[in-house]
Each structure stands twice: as structure tokens, then as C-alpha cells.
Amino acid sequence: MSELQVAEDGRYLSGEIPFGYALWGDRLVEVPAELDACVTAIRLVKQGKPYPEIAAALRQEHGVTLSQQRFDSLMESVYRRYGPI
């Protein structure tokens, strides 16, 4: 996975597009269902739920599929930004 790079003016340059966002032209735009799923995933991690249970809940509650790899990337990002959850 490559690190996300965005120009000073907000244009997407390269790297992995984070879960919760999509590329529209040369800009990243929010995907509301995925962002809501991120909040749910973090809440379930804090409750000690395992990945398979979290993935099933996201499919059921938000209609979103989150692979183990994307889940791990999301949790790494949360940890880097906020510390242990």
C-alpha cells in the first residue's frame, strides 16, 4: 500500500485512497455510507469484537464490504492519529 499524497490545493496525486473516500476527477470526495461504517467499526473494536463480526455488522447495517486489509489500514490510521482505541 502506498501512502496517500494530496497537493496543497487539494488535488489527489497518488497513493491508497482511504476507506470512506472515492476519487472524483482529481479530488477525493466522501462516501457517506463508508464513513458511517468507519464509525461503527471503531465502536465495535472498542467493544472488543473480532474482525469477522465487525465485517458482518458493516454489511448488515451500512451495506458496505470492508476487507481485512482495508480494516487493518483503517485501524492503523486511527491508531496513528489518535493512539490506542
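User: How are α1 and α3 placed relative to each other, roughly parallel or roughly perpendicular?
Analyst: In this predicted model, α1 and α3 are roughly perpendicular to each other. Their packing angle is about 75°, and angles of 65 to 115 degrees count as roughly perpendicular. The two axes are 11 Å apart.

User: Which residues make that contact?
Analyst: From α1, the contact uses Cys38, Ala41, Ile42 and Val45. From α3, Phe71, Leu74, Met75 and Val78 take part.

User: How many of the residues in the contact of α1 with α3 are nonpolar, polar or charged?
Analyst: Eight are nonpolar, with no polar and no charged residues.

User: OK, the core. How many residues are in the largest nonpolar one?
Analyst: The largest nonpolar core has 14 residues. Phe19, Ala41, Ile54, Leu58 and Leu74 have the most contacts inside it.

User: Which elements give two or more residues to this core?
Analyst: Those are α1 (32-46), α2 (51-62) and α3 (68-82).

User: And what does Ala41 touch?
Analyst: Leaving aside residues up to four places away in sequence, Ala41 touches Ile54, Leu58, Leu74 and Met75.

User: Switching to strands. In what sense do β3 and β4 pair?
Analyst: Strand β3, residues 21-24, pairs with strand β4, residues 27-30, in the antiparallel sense. There are four bridges in that pairing. Trp24 has Arg27 in β4 as its bridge partner.

User: How many residues sit between β3 and β4?
Analyst: Two residues lie between the strands, and β3 and β4 form a hairpin.

User: What about the phi of Gly25?
Analyst: Gly25 is in the turn and has a positive phi of about 70°.

Technical notes
Residues are numbered from 1 along each chain as its sequence is written. This is a predicted model: local features need pLDDT of at least 70, side-chain atom pairs count only at pLDDT 80 or more; totals for chains, interfaces and linings use all residues. Side-chain values use heavy atoms; hydrogens and water are left out. A nonpolar core is a set of buried Ala, Val, Leu, Ile, Met, Phe, Trp, Tyr and Cys residues joined through side-chain atoms within 4.5 Å. Buried means under 20% relative accessible area, exposed over 50%, partly exposed in between (1.4 Å probe, protein chains only). Contact means heavy atoms within 4.5 Å. Axes are lines fitted to C-alpha atoms, for helices over the stretch in contact, and angles run from 0 to 180 degrees between N-to-C directions. Angles under 35 degrees count as roughly parallel, over 145 as roughly antiparallel, 65 to 115 as roughly perpendicular and the rest as oblique. Ala, Val, Leu, Ile, Met, Phe, Trp, Tyr, Cys and Pro count as nonpolar, Asp, Glu, Lys and Arg as charged, and the others, Gly among them, as polar. Two strands pair if DSSP finds at least two bridges between them.
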